[in-house]
Amino acid sequence: QVQLVESGGGLVQAGGSLRLSCAASERTFSSSAMGWFRQAPGKEREFAAAISWSGGTTYYADSVKGRFTISRDNAKNTVYLQMNSLKPEDTAVYYCAAKPISSGKYDYWGQGTQVTVSS
């Protein structure tokens, strides 16, 4: 069972930056693709960014492309989401998720961290 714990959320003004971290509980992290998702009030959860197990391939939603950067450190079992040029519409609870190679789907989710961007 992989446990994921997000941190780094908070309140920031529009145009500011935050870096989210997601620490995984076990070494299978290094063989899992990782993703960041977000859910704004009254909206469905949506994909934001993902990274392959090696870190060599990244994917972004159009809404965050050019502003957010996903990265990972397999030695630390941690994935990051650097968020720059934040906008009020980025306000949401951000979740990290793990997609093991063995299953091919996001089986494990963190509890989420709140990001609030004020205008």
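**Rings, core and sheet in a predicted model**

Reader: At its relative accessibility, does Phe37 count as buried or exposed?
Author: Phe37 has a relative accessibility of 11%. This is a predicted model, in which local features need pLDDT of at least 70 and side-chain atom pairs pLDDT 80 or more, while totals for chains, interfaces and linings use all residues. Residues are numbered from 1 along each chain as its sequence is written, and side-chain values use heavy atoms, without hydrogens and water. On the scale applied (buried under 20% relative accessible area, exposed over 50%, partly exposed in between; 1.4 Å probe, protein chains only), Phe37 counts as buried.

Reader: With which ring does Phe37 form an edge-to-face pair?
Author: The whole structure holds four aromatic pairs (ring centres of Phe, Tyr or the six-membered ring of Trp within 6.5 Å; stacked under 30 degrees between planes, edge-to-face over 60, otherwise tilted). In the edge-to-face pair of Phe37 the centres are 5.7 Å apart and the planes stand at 75 degrees.

Reader: How is the pair of Phe37 and Trp109 classed, by the angle of its planes?
Author: Phe37 in strand E4 and Trp109 in strand E10 (residues 108–109) link distant parts of the chain, 72 residues apart, and Trp109 is partly exposed at 33% relative accessible area. The ring centres are 4.9 Å apart and the planes are at 55 degrees, so the pair is tilted.

Reader: How many residues does the largest nonpolar core have?
Author: Such a core is a set of buried Ala, Val, Leu, Ile, Met, Phe, Trp, Tyr and Cys residues joined through side-chain atoms within 4.5 Å. Those with the most contacts inside the largest one include Leu4, Trp36, Leu81 and Tyr94. Strands supplying at least two residues each include E3 (18–24), E4 (32–39) and E8 (78–83), and the number of residues in this core is 27.

Reader: Which strands stand at the edges of the open sheet?
Author: Four strands form this sheet in the order E1-E3-E8-E7, with antiparallel pairing (strands pair if DSSP finds at least two bridges between them). E1 (residues 4–7) and E3 share four bridges, with Val5 facing Ala23 as its bridge partner, whereas E3 and E8 share six, Leu18 having Met83 as its partner. Five of the seven residues of E3 are buried, so E3 is largely enclosed by the rest of the structure. The edge strands each have a single partner strand, so one side of each is left without a neighbour in the sheet, and these strands are E1 and E7.
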